[in-house]
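Here is a short tour of a structure for you to follow along with. Keep the coordinates open as you read.

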Amino acid sequence: MCAYSIGMIKYYNILREKVQKNRGTAIVFLSIVILLLDLVFRLIIGKNESQVVATYLWDGLVIGLAIGLAGVGLSLTYSILKFANFAHGDMITAGGFSGWVAVFAVVGVGKFDMKNLLLIGAGKPINVTELGISVSTTPVVILFGLIVAIVGTILLTLFIDRFVFRPMRHHNDSIALLIASIGVSLALRYGLAFVFKTQNRGLTAASLTASYSVPVGTGSVQIDLGEITLVLVAIALMISVHVFLQYSTLGKAMRAMADNRDLALITGIPTEKVVRATWIIGGALTGAAGFLITLERGTISFQFGWILLLFIFAAVIIGGIGSVYGAITGGLVIGLTSTVSLIWIPADLANVAVFSVMILVLLYKPEGLFKGVTTA
Amino acid sequence: MKFNIEMLLKNDVRIVVSTFVGISFLFIIVAMVLGLDFNGTINTIQRIMFLSAVYAMVVLALNLQWGYAGIFNIGVAGFMLSGVYTMAIITGDPNGLIPGLGLPLPIGIIGGVLVSGLLGLLISIPTLKLKADYLAIVTIGFAEIIRYTANAITFKTFSIAGIEMGTGAGRGIHLPMNPIRGIYYIEPSNPGLGKTIVGEYIFGFFEIIQVQSSVVVSWTYAIVLIFIVGLFYVVIYRIGNSPFGRVLKAIREDELVANALGKNTDIYKMKVFAIGCGLMGLAGILWQGSYGYTNPTTFQPILTFYIFIALIIGGSGSNTGSVIGGVVFASLLFEGPNFVRRVILHVFKFDKAPNSIIEAMIPISSLDFEPFIAYSLANISSLRVVFLGLVLVYIIQNRPDGLLGDRKELAASIDISRRPVTETREGKEA
């Protein structure tokens, strides 16, 4: 009996010490447990239906992976080039537009006015049901669009790096680079608005996209093929980035540069080449993210990437800058927060919840969940 | 080498006044080309002056944070919003569609400044130790939280301790009548009820030179704002040259050293955050207050970037540069393109602009640039921001100190970097 209680006290003391050391983490952990208990309670008393919660989880997963995929590119450039790239969101938009220009031109050739197709209907709105693009009916063209988006964004990032960031690189001033990226962001976003106009427009024919319903509890969750494509491609791309960084020579050089730039320089790593590789990989992921997000949403506007940017920053910071898994985890945290929080708070405050989570992480765990700058 | 503050001040006043005069002169020419009458010309200059004064105020407030203390706050729009909305809620009609507290305007303005300052203080406490780029992300995130909250239907109307109030959500919120109107009208909300004696005389005088009474009222407000810019300048100049300001500059140059010298840099940063954000709130009130109405869309992050562009043009660290930057940004970069469009359309009288950029580009192959120019002019609002972005990139690459940035105020009270050779121990050196 006595030995038992001494054991308890010992255990309690160890626990108390740990909690005191990581008070922030403990508070977060405790609030998550309380929220989960409350969720179970709500499900039992029937305040929330299980299929609604399941829908939130699925939507959160889709949004989270999209943000995570977009975040990997940002995380790479952040850790290796040492600045917060505020133009990243608009690079996502540019990727989306370049991919969809290709898809529209291929699908609509002969049936619609080519000049208008190349502008995704900027001159005169295009009836998307008549055009009939969807993952189910035109998968090959969608794949082609994805490749164009990737190549287009790589070229764009290399161009921007050549004329904006490279001339500033020797100063090593992260705030000057950040401000320059804000300039790039403004020019890029409104350049797209100048060419493609400002209206939001449809891309895919929702009626043609295959949709499956998965029974949950008394109802069901709708899952469509666009979402599935996004989830699968995102996971595949993330795994390949991980393998690349972990096992290829270039990947190792990139990680070395993220950890310690000077050390990388004196060990003979060709830093300028590594920087270019960073932009190429980051650009590819960014373009893919832009195309997949718009594919899943079925609409595009000139500032969708910019609106996403703060969420992506949030994801990257939560996960830890420089970590691929961190970006994915951060993305999932953001995505799930934005949907699951709807159980407790009204929809128009979901964004407030997301940014609050980001600020809290920055304050209590600024190195992120995955400790950052390891690039793994 | 003595540092003559009086001379400097005279010189600075001359720079600011000549910029104002030069820009007014430019817009008079523009108005003449456009064929505006005297009333229209006067009104154009008033609009430019008003916007320039607003930007000069916010840029001065930002200069206190970034230029003096090196705090990279990119949540300016959020702190302006909080000031304006607090003022609106305090002064709103308790029986209106969106109820308010119904208190007088001065209390509203003081409340707005205090709330913005307190929010600045609130966000400063946990962010003191963050790196500059993290601070940037936190402040822009915080500003977006403020904006999303003002935009949320949940707070369209709410009640605290049984008192109804609200933000009006996406529809926006009404702001009280500009008290300047009270100088001219007996009943400011209804000019039909007659004019005051001042109104009779001044309107009478301006009627002779054919200036409408509404333009006179706006001009009065613009002059008041220019006066307030002067106050902002003096306040920030005084802060900057006080012992407090010297510590701020030391923090900007090297926080570690300032700390090592026994200054509690955290307290200084908190104070400068609170003062700067309070002044941003005040600037927001004075800007939106004259419109009688405001909404959350006005305070998107791009507003913060505009203010940063203005500060960087002028040169961060220099108060005179801040004023010049605000004036140049508001008049030439922000309003300028619209006037360029109006002048070109007035002089050349183009056909209707083509519907899409491809249709506008095709005629270029036969050296017909007219459709492309017409398309560009029709979409000048987008093109303007592209231009602003490029200007920002150009300045940060080539003139990171801005127009007057070489005059960045020094942390030391004497310029030790330019000590004359005669004063060195070895005497004159080669």
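## A hairpin in chain A

In this predicted model, P215(A) has S220(A) of strand 3 of chain A as its bridge partner. That bridge belongs with the pairing of strand 2 and strand 3 (residues 219-224) of chain A, which run antiparallel over six bridges. The two strands make a hairpin with two residues between them. Have a look at G217(A) in the turn: its phi is positive, at about 55 degrees.

Is strand 2 of chain A buried or in the open? Zero of the six residues in strand 2 (residues 211-216) are buried, so the strand lies largely in the open.

## Helix 10 of chain A and its cover

Now to helix 10 of chain A, residues 249-259. Its buried residues are G251(A), A253(A), M254(A), R255(A), M257(A) and A258(A).

What covers these buried residues? The cover includes helix 3 (50-81), helix 9 (225-247), helix 11 (261-266) and helix 12 (271-297), which belong to chain A.

## Where the chains touch

Chain A brings 43 residues to the contact and chain B brings 40. On the chain B side, helix 5 (132-151), helix 12 (301-314), helix 14 (357-361) and helix 16 (380-398) each supply at least two residues. Helix 5 of chain B gives the largest share of that side, with 14 residues.

Notes:
Residues are numbered from 1 along each chain as its sequence is written. Chains are lettered from A and ligands numbered from 1 in the order in which they are written. This is a predicted model: local features need pLDDT of at least 70, side-chain atom pairs count only at pLDDT 80 or more; totals for chains, interfaces and linings use all residues. A residue is buried if 20 or more other C-beta atoms lie within 10 Å of its own, exposed if 12 or fewer, and partly exposed in between; C-beta atoms are placed from the backbone. Helices (H or I, at least four residues) and strands (E, at least two) are DSSP runs, numbered from the N terminus. Two residues are in contact if their C-beta atoms, placed from the backbone, lie within 7 Å. Two strands pair if DSSP finds at least two bridges between them.
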